Amino acid sequence: MNERITELFWFLNATKPKVLNRFANYFKKTAVVRGVRHSRFVYIPGTRSTPVLLVAHADTIWEHDKLLPVACRLEGDQIVSARPDIGIGADDRAGCAMLWALRDSGHSLLITSGEEIGCVAAREIAAASANRDIRDDINKRHMFAIEFDRRGSSDFKCYDVGTDAFRAYCAEKTGYRDAGNSSSTDIRHLCQDICGVNLSVGYYDEHTEAERLVVSEWEHTLSIVQSWLSADELPRFSLHESVGEEDDGWRPFPREAAYPRYGTSPHYIFAHRALWDIARADPQLLFTRMGMGGEYADPIVGLILNEVYKRLGVDPLYSFRSSDIKVERRYIESRDSVVLRMPPPTRMGEAYFVAIVANECPESEEITLEDPAYGESLLSFYCLQKSLDERVHSTFGYCDPRGRRTGFKAIEGGKERTVNPAPEPVMEDFIACLEEHLRREVPLRQPGVKVMMLPVPNGKWSADANDLF
């Protein structure tokens, strides 16, 4: 058994604390070790003049079972489990072994925890004030980031943290194919100013007892990266490049400003930012026109979603379509409302359902669009979303056996807050929760809802899409 296979076996059989401690002890003078349990990480700053951040996560889906020996065995070119009840944890111990093989390259190393339950350590680095120094060092000093947490032998993913130029650069350097933007991993939270890529490391059937690691494919990626990163100078790829052929001055939404923790997925931006911003600016457009149903709602939803895709630089083929969003008019606690059923969320903070509610609309009254008053929108905004915080999961959030956890978010009077407990992610449960909240929390205003009037020629909205944000 050669040295590389011996090291692979060590990482596959070790517990998470042993993996983290091995890196920390090897770099005793420079390693930064922070966090507890799922938020624990080890960061080793690189020494090169143009460093790249190399990332892997030490937790596995089998983390609790790994207190017992995994008993890996080598079958030809593959490492498999000798136990029928547990996988080998190559997701992502194969990545940790890759970082160990590259530990003396002069590039920075980051070994995280909690990736399998929502990128906990990565989100703490991306948002917590105590980790601002690490966050700034990652995004200001590094050229780009490479994560080693991808199945297969010859593809890569940049998710929403890769520009077209960076994707082309990765394809050129690796010969691998771009596998699109779906799913998530740590670099989506870590990369705020630099681009990032996730590379195949040769594992298959992850999260199952049949998980396997093809050694030759792991070694192939290692060989490519060693050659790639050995160059004297490496280029920097900024995430804040303009989107599209013309530079209109727009940049991706700042992650440390209004929405520091939740990232910039199209699902999140559409449900949380774009809809609310438009509801405040033009209630007639969203509340009334969209609430009329498909003839009016579909073009509006499509226009907003396309603008989100354009500005985030996301290919709609790898996300969702406007037809996947269902819009209906509802009465909620006697108030006129528009409710959207979003596509199933895949990341923290994304919405299951969104409700735009008139603060006062008794059944005997109707919203009048003829009111000439030009004033503050009297609409409120509610959503049920995939819970953002593990503490919310355990304290407030609903959790069913399939692991879906939810948070109930409210924007009332322009102020944002979270209302708990949150219901199961079922539309009628969401409506019932919202009705109870409205009965208890929100005082009724004077009858009538003032809305701003904008011309809608031929029944279609024709405003400039640049006015959406």
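Aspartate 133 is partly exposed, at 42% relative accessibility (buried means under 20% relative accessible area, exposed over 50%, partly exposed in between; 1.4 Å probe, protein chains only). This is a predicted model: local features need pLDDT of at least 70, side-chain atom pairs count only at pLDDT 80 or more, and totals for chains, interfaces and linings use all residues. Residues are numbered from 1 along each chain as its sequence is written, and side-chain values use heavy atoms, with hydrogens and water left out.

Aspartate 133 forms a salt bridge with arginine 34, with 2.8 Å between the closest N and O atoms (a side-chain nitrogen of Lys or Arg within 4 Å of a carboxyl oxygen of Asp or Glu). Aspartate 133 sits in helix α5 (residues 132-141) and arginine 34 in strand β1 (residues 32-34), so the pair ties together parts 99 residues apart in sequence. Helices (H or I, at least four residues) and strands (E, at least two) are DSSP runs, numbered from the N terminus. Arginine 34 is partly exposed, at 24%.

## Other salt bridges

The count comes to 13 salt bridges. One joins arginine 151 to glutamate 206, with 2.5 Å between the closest N and O atoms. Arginine 151 is in strand β7 (residues 145-151); glutamate 206 is in the loop between β10 (196-204) and β11 (212-214), 55 residues apart. Arginine 151 is partly exposed at 39%, whereas glutamate 206 is buried at 14%.

Arginine 83 and aspartate 85 also meet in a salt bridge (3.0 Å, N to O). Arg150, Asp155 and Arg177 form a salt-bridge network.
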